[in-house]
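I opened my notebook to look a few things up in this chain. Here is what I went through, entry by entry.

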Amino acid sequence: MYSGAAAAGSPRRDFISVTLGPEEAAGVGGYNNSKAWRRRSCWRKWKQLSRLQRSVILFLFAFLAVCGVISYTSMGETWKSITNKSLDDQRTEQEIPRLKLANPAVLPAPQKADANHGDYPELSLQKPLKSPHVRRGPSNLQIKAPRRDTRLKTRHDTMRAVEELVEVDKVEKTEKSIISWRGAVIEPDQSTEPPSSKIMELEKPSPVEPEEQKEPVPINERQLAVIEAFRHAWKGYKDFAWGHDELKPLSKSYSEWFGLGLTLIDALDTMWILGLKEEFEEARKWVANDLVFDKNVDVNLFESTIRILGGLLSTYHLSGDSLFLEKAKDIGNRLMPAFKTPSKIPYSDVNIGRGTAHPPRWTSDSTVAEVTSIQLEFRELSRLTGDEKFRKAVDEVMKHVHILSGKNDGLVPMFINTNSGQFTHLGVYTLGARADSYYEYLLKQWIQGGKKENELLEDYMRAIEGVKKHLLQRSEPKKLTFVGELAHGHFSAKMDHLVCFLPGTLALGAHNGLAADHMKLAETLIETCYQMYAQVETGLSPEIVHFNLHAQKGHKDVEIKPADRHNLLRPETVESLFYMYRFTGDKKYQDWGWEILQNFNRYTRVPTGGYTSINNVQNPSNPEPRDKMESFFLGETLKYMFLLFSDDIDLINLDKYVFNTEAHPLPIWVPA
Ligand code: DMJ
């Protein structure tokens with residue numbers, strides 16, 4: 001501060017150093033914090049320091065400055081790299097889209113790749129997850145682990161789904177391969193159906209169970225002989241007629257009727273029953289790959305129903321293989337146009353490719369047997385498919401015939417008109433050709449439907465009474481009971497071999513609770529049928545016989561006209577022998593059948609394969625082979641032979657199955 005001495009005397013400027021306390025410095029009574037004041041104050045302090053103190057301070061400042069420069073350089077590098085990285089990142093983000101656009105067809109779609117990666121983590125990811133080390137890891141890894149688990153679960157699920165599909169396929173293979181051969185196993189051709197359809201097929205409940213697998217009953221010598229005969233016949237068919245309708249064994253060729261592999265289809269269930277696995281498999285392949293119904297061809301409704309539809313349905317039931325049901329549906333649908341007639345009595349012929357039907361060229365009639373012996377098959381087709389149209393069409397025929405006038409004590413004429421629906425050619429009654437299976441199917445439909453359809457039973461019972469009343473006679477000298485014919489009130493002692501279905505049918509009726517005298521009649525009639533073989537030079541029956549009604553010296557019961565002495569390898573007698581043996585256990589029926597088989601082998605067997613129809617059963621030295629093996633020889637005759645020689649009543653149990661007229665077993669809907 002300024003004082004009074006300066007006012008008294010000398011002009012010399014003496015400064016008195018005054019040390020100011022903080023209050024002073026702070027300007028007690030007033031705050032002074034100017035930069036100039038602070039600078040002056042620091043300088044004063046610096047001056048007050050010793051030289052050593054100043055040196056130490058300067059050294060420290062210098063050291064700090066050097067450290068600062070070094071750390072600046074290092075920070076700069078770091079910063080530079082961070083800055084560059086960020087620039088690079090920016091550039092990459094901008095450039096990738098351009099690359100994607102430049103190579104759209106080559107580069108995988110990134111999103112898809114990512115998605116895949118998400119769904120299917122690499123296998124290497126699974127290992128650490130299993131390792132406890134990872135479980136024990138830092139918390140951040142443990143947080144990630146559930147995400148990996150999720151991925152793994154996704155993959156696991158996918159794998160499981162794949163495994164399930166594989167299992168489905170395995171199950172299906174197993175299901176198919178457990179197709180029973182009464183003990184053996186079939187492995188069907190897997191290549192015939194695409195995998196997707198296989199899976200679809202599994203989703204559908206199978207409407208049938210294949211035949212139960214049981215301990216096979218040992219096959220006896222006679223059955224082996226039938227198998228040998230079948231194989232011989234099959235060899236001829238395979239070598240010279242494969243896929244065609246009939247074998248011509250002598251000319252080593254074939255004949256066509258419908259061009260649908262008739263013999264092969266007719267023989268399918270026989271091969272099954274005989275246990276011929278390889279042959280069956282080969283035939284199945286043909287059905288799968290070569291059997292085509294979309295053909296511009298006229299087929300006979302009756303013949304194609306009993307042989308093809310019947311054969312496919314029974315094979316389906318025995319094997320459980322849906323291929324046969326599919327084929328049955330196909331042919332069944334293609335035959336339906338036959339029922340489009342004014343009377344709903346079906347036409348005899350159908351073009352299965354065009355879907356048109358017509359009667360034979362010379363008439364608008366159909367035969368009664370033909371229109372009334374297709375019911376077992378179409379009814380079964382309805383049951384399997386759930387499509388009522390098949391059953392309705394054939395039931396309508398039966399209802400119509402049931403109330404139709406023109407019968408004679410239940411016996412029907414042979415023809416029916418498709419326009420008027422009336423019987424024609426009245427007054428002629430037979431149990432042979434053109435009427436035979438009408439009677440057979442009355443009984444068998446009644447059995448098939450669980451014995452509830454009374455009209456069928458009534459018609460059957462009445463007809464048998466008609467047979468007894470009008471058609472039965474006894475021959476001389478052996479007094480054989482036979483079934484003749486009635487034409488306009490005149491009895492004829494003519495009996496077709498076809499009538500020999502009747503003993504078996506009567507026995508079947510008796511087995512199902514019908515009159516006991518039906519069985520008696522069956523026993524007498526089968527004896528007659530056997531004599532139709534036994535009294536002939538070759539031991540084989542002719543197509544038609546005439547019985548002697550009057551004893552004449554040197555004459556047998558059976559007379560044969562030159563026009564009737566052929567044998568077509570027909571089954572009816574063997575068929576009835578089978579029923580008779582099943583229901584009585586009398587071995588004589590097997591012995592009679594054995595004789596017949598031996599005579600077929602003796603006179604109809606063709607060394608190079610196959611059997612042939614013959615023209616003359618009366619000439620053992622020259623039976624005059626006809627060069628034709630009918631499909632029913634494999635479909636019926638050999639099948640009934642095999643069953644006749646079997647002691648296994650479960651080999652086509654007659655309380656579970658009913659044979660159609662071509663020997664194709666179909667299930668009884670309500671088994672006894
Ligand atoms: C077969 O087609 C059938 O048995 C039909 O009922 C009659 N004809 C032959 C066999 O002889």
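**Whole chain**

What share of the contacts in the chain with a separation of 6 or more comes from residues 24 or more positions apart? I found that such residues account for 68% of those contacts, where contact means heavy atoms within 4.5 Å. A reminder to myself: this is a predicted model, in which local features need pLDDT of at least 70, side-chain atom pairs count only at pLDDT 80 or more, and totals for chains, interfaces and linings use all residues. Residues are numbered from 1 along each chain as its sequence is written, and side-chain values use heavy atoms, with hydrogens and water left out.

I noted 23 helices and 20 strands in the chain; helices (H or I, at least four residues) and strands (E, at least two) are DSSP runs, numbered from the N terminus. Of the 672 residues, 47% count as buried. For that word I keep this scale: buried is under 20% relative accessible area, exposed is over 50%, and partly exposed is in between (1.4 Å probe, protein chains only). The chain exposes about 34,200 Å², and carbon and sulfur atoms supply 56% of that area. Accessible areas come from the Shrake-Rupley method with a 1.4 Å probe, and for residues only the protein chains shown count as cover.

**Helix H16**

Next I looked at H16, which runs over residues 388-403 and has 16 residues. From its first C-alpha to its last, H16 reaches 23 Å, close to the 22 Å expected at 1.5 Å a residue; the expected span is 1.5 Å times one less than the number of residues. Which residues of H16 are buried? I listed Phe390, Ala393, Val394, Asp395, Val397, Met398, Val401 and His402. An α-helix has 3.6 residues a turn, so residues three or four places apart point the same way. At the start of H16, I saw a side-chain oxygen of Asp387 within 3.1 Å of the backbone nitrogen of Lys389.

**A patch on the surface**

Phe59, Leu60, Phe63 and Leu64 form a nonpolar surface patch, with about 460 Å² of accessible area together. I placed Leu64 in helix H3, residues 51-102. Leu64 is exposed, at a relative accessible area of 56%.

Which residue does a cis peptide bond join to Glu476? The partner is Pro477, and omega is about 5°. I found Pro477 in the loop between strand E12 (472-474) and strand E13 (481-483). At 44% relative accessibility, Pro477 is partly exposed. Leaving out residues up to four places away in sequence, Pro477 touches His555, Lys556 and Asp557. The C-alpha atoms of Pro477 and His550 are 7.6 Å apart, although 73 residues separate them along the chain.

Gln535 also touches Lys556 and Asp557, and its other contacts beyond four places in sequence include Lys478 and Leu480. The side chains of Gln535 and Asp557 are joined by a polar contact of 3.1 Å. A polar contact is a pair of N or O atoms within 3.5 Å; within protein, one must be able to donate a hydrogen and the other to accept it, and residues adjacent in sequence count only if both atoms are side-chain atoms. Gln535 is in the loop between helix H20 (516-534) and strand E17 (544-547), and counts as buried at 9% relative accessibility.

**Thr418**

Is Thr418 buried or exposed? Thr418 is buried, with a relative accessible area of 0%. I located Thr418 in the loop between strand E9 (415-417) and strand E10 (423-424). A polar atom of the Thr418 side chain lies 2.5 Å from the backbone oxygen of Ser364. Among the residues that Thr418 touches beyond four places in sequence are Thr341, Pro342, Tyr347 and Ser366.

**Positive phi**

Most residues other than glycine have a negative phi, and most peptide bonds are trans. His425 has a positive phi of about 50° and lies in the loop between E10 and strand E11 (428-429). For Leu569 I noted a phi near 65°. Leu569 is in the loop between strand E18 (558-559) and helix H21 (572-584), and is buried at 0% relative accessible area.

How values were computed: Patches are made of residues with over 30% relative accessible area and no salt bridge: like charges are joined within 9 Å, nonpolar side chains (Val, Leu, Ile, Met, Phe, Trp, Tyr) within 5 Å. A salt bridge is a side-chain nitrogen of Lys or Arg within 4 Å of a carboxyl oxygen of Asp or Glu.
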